[in-house]
Amino acid sequence: MVGSGIFISPKGVLQNTGNVGVSLLVWLACGILSLFGALSYADLGTCITKSGGHYIYLLETLGPLPAFLRLWAEFIMIRPANIAVVSLAFGRYLIEPFFASCHVPPLAVKLVTMAGITLAVVLNCWSVSWAAKVQTGLTVLKMITVGLIIVPGILALRNGHNENFQDSFDTSSLTLEKLPLAFYSGMFAYGGWFYINFVTEEIVNPKKNIPQT
């Protein structure tokens with residue numbers, strides 16, 4: 001799964017670490033933490049073969065009240081905030097090329113964001129299969145975009161353009177009090193490792209396929 005957070009988080013990680021070297025360490029640490037989370041959820045998915053992810057695990061272990069509170073927080077606060085961040089980024093990236101010579105008007109970003117959310121809702125209500133096709137197409141575009149960022153960067157490094165890596169661990173620019181925000185941005189980019197457990201019951205032979213996934 002390629003989450004849209006990968007196009008949002010790098011700026012936050014770099015700004016809140018203060019230098020390139022520490023930002024790369026934060027990315028590595030967030031990747032390791034996400035790997036541990038994915039392995040833990042793979043274990044849970046093979047032990048509790050029910051769909052629902054966080055909700056069902058809290059329900060089975062701690063009871064209905066913690067599970068309800070987690071579900072309530074997910075639908076009232078966490079999920080809307082996540083959708084708002086990703087949608088605003090979508091709106092900004094979509095219209096920014098038309099305002100290359102000036103600042104993008106916030107109202108224009110919000111209008112495009114509203115149109116994008118409305119289109120997504122209408123598409124999912126109209127046809128699940130078409131929604132899946134659009135999602136697949138967007139995933140392909142994400143992969144192409146990530147490739148267009150990574151490959152030219154590697155070529156530039158190979159050609160000796162490593163100016164941004166000079167003094168990578170300069171402690172004068174390190175901002176320790178902002179490191180938690182850097183980790184938050186990094187974990188947001190990796191935040192797709194638990195989604196498969198929401199559909200455990202729809203997976204053929206989950207005890208075999210969830211760990212492999």
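Reader: Hello! Which residue has a side-chain polar atom 2.8 Å from the backbone nitrogen of Val22?

Author: That is Asn19: a polar atom of its side chain lies 2.8 Å from the backbone nitrogen of Val22. The general idea is a polar contact, a pair of N or O atoms within 3.5 Å; within protein, one must be able to donate a hydrogen and the other to accept it, and residues adjacent in sequence count only if both atoms are side-chain atoms. The side chain of Asn19 also reaches the backbone nitrogen of Gly21, at 3.4 Å. Before we go on, note that this is a predicted model, where local features need pLDDT of at least 70 and side-chain atom pairs count only at pLDDT 80 or more, while totals for chains, interfaces and linings use all residues. Residues are numbered from 1 along each chain as its sequence is written, and side-chain values use heavy atoms, with hydrogens and water left out.

Reader: Where does Asn19 lie, and is Asn19 buried or exposed?

Author: Asn19 sits in the loop between α1 (9-17) and α2; helices here are DSSP runs (H or I, at least four residues), numbered from the N terminus. Buried means under 20% relative accessible area, exposed over 50%, and partly exposed in between (1.4 Å probe, protein chains only). Asn19 counts as buried because its relative accessibility is 6%. Contact means heavy atoms within 4.5 Å, and leaving aside residues up to four places away in sequence, Asn19 touches Leu14, Ser168, Phe169, Asp170, Ser173 and Leu174.

Reader: Which residues make up the largest nonpolar core?

Author: In soluble globular proteins, nonpolar side chains tend to be buried together. A nonpolar core is a set of buried Ala, Val, Leu, Ile, Met, Phe, Trp, Tyr and Cys residues joined through side-chain atoms within 4.5 Å. Here the largest one has 8 residues: Val13, Val22, Val26, Trp27, Cys30, Leu179, Ala182 and Ala189. Both α2 (20-47) and α7 (179-189) supply at least two residues of this core, and α2 gives the most, with 4 residues.

Reader: How many salt bridges does the structure hold?

Author: Side chains of opposite charge can pair when their charged atoms come close. A salt bridge is a side-chain nitrogen of Lys or Arg within 4 Å of a carboxyl oxygen of Asp or Glu, and the structure holds 4 of them. One of these joins Glu60 and Lys50 (2.9 Å, N to O). This pair links distant parts of the chain, 10 residues apart: Glu60 is in helix α3 (residues 54-61), and Lys50 is in the loop between α2 and α3. Glu60 is partly exposed at 40% relative accessibility, and Lys50 is partly exposed at 37%.
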